[in-house]
Amino acid sequence: MKKEISIDDFSPHLFWDVDLSDFDFQKHKIHLVQKVLEHGLIKDWNLLKDVYGLNTIKEISLNIRSLDAVTLSYLAALFNIDKKEFRCYKHRQLFPNYWNS
């Protein structure tokens, strides 16, 4: 029998800025998906897939305002979607960062 997944199963470094006592998987799913995509380990990615499924992760990732270039490339390849469809790509084009380009 598979045990229920809790927030404690994820890597603790992801939540240094979060009070986990009132963490809710539905209420905070955008925050959790973004943290795991950008800073998670492979075990965190697998847990995330178990909790939400790839379709939910896809919908959330398409609407996240900020993702690093590596994560964006990975998601575009995984979901077979052009990078231009992601909100973070459009946002980056509107507000280029001249200091780290």
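## Surface patch and aromatic contacts in a helical chain

Together, Leu 54, Tyr 74 and Leu 78 expose about 260 Å² of accessible area as a nonpolar patch on the surface. The model described here is predicted. Leu 78 is located in helix H4, which spans residues 69–79. Tyr 74 also lies in helix H4.

Because Trp 45 belongs to helix H2 (residues 42–52) and Tyr 74 to helix H4, the pair ties together parts that are 29 residues apart in sequence.

The relative accessibilities of these residues are listed below.

| Residue | Relative accessibility | Class |
|---|---|---|
| Trp 45 | 10% | buried |
| Leu 78 | 35% | partly exposed |
| Tyr 74 | 43% | partly exposed |

Trp 45 counts as buried because its 10% relative accessibility falls under the 20% cut-off.

The count of aromatic pairs comes to five. Elsewhere, ring pairs join Phe 10, Phe 15, Phe 23 and Phe 25 into a cluster.

As for the chain as a whole, it contains five helices and zero strands, giving the pattern α-α-α-α-α along the sequence. The chain has 101 residues, of which 33% count as buried. Its accessible surface amounts to about 7000 Å², and carbon and sulfur atoms contribute 54% of that area. Among contacts with a separation of 6 or more, 48% are between residues 24 or more positions apart.

Notes. Residues numbered from 1 in each chain as written. Predicted model: local features only at pLDDT ≥ 70, side-chain atom pairs only at ≥ 80, totals over all residues. Heavy atoms only, no water. Patch = residues over 30% accessible without salt bridge, like charges linked within 9 Å, V, L, I, M, F, W, Y side chains within 5 Å. Areas by Shrake-Rupley, 256 points an atom, 1.4 Å probe, with all protein chains shown as cover. Salt bridge = Lys/Arg side-chain N within 4 Å of Asp/Glu carboxyl O. Helix = DSSP H or I, 4+ residues; strand = E, 2+ residues; numbered from the N terminus. Buried < 20%, exposed > 50% of the residue type's maximum accessible area, 1.4 Å probe, protein only. Contact = heavy atoms within 4.5 Å. Phe/Tyr/Trp six-rings, centres within 6.5 Å; stacked < 30°, edge-to-face > 60°.
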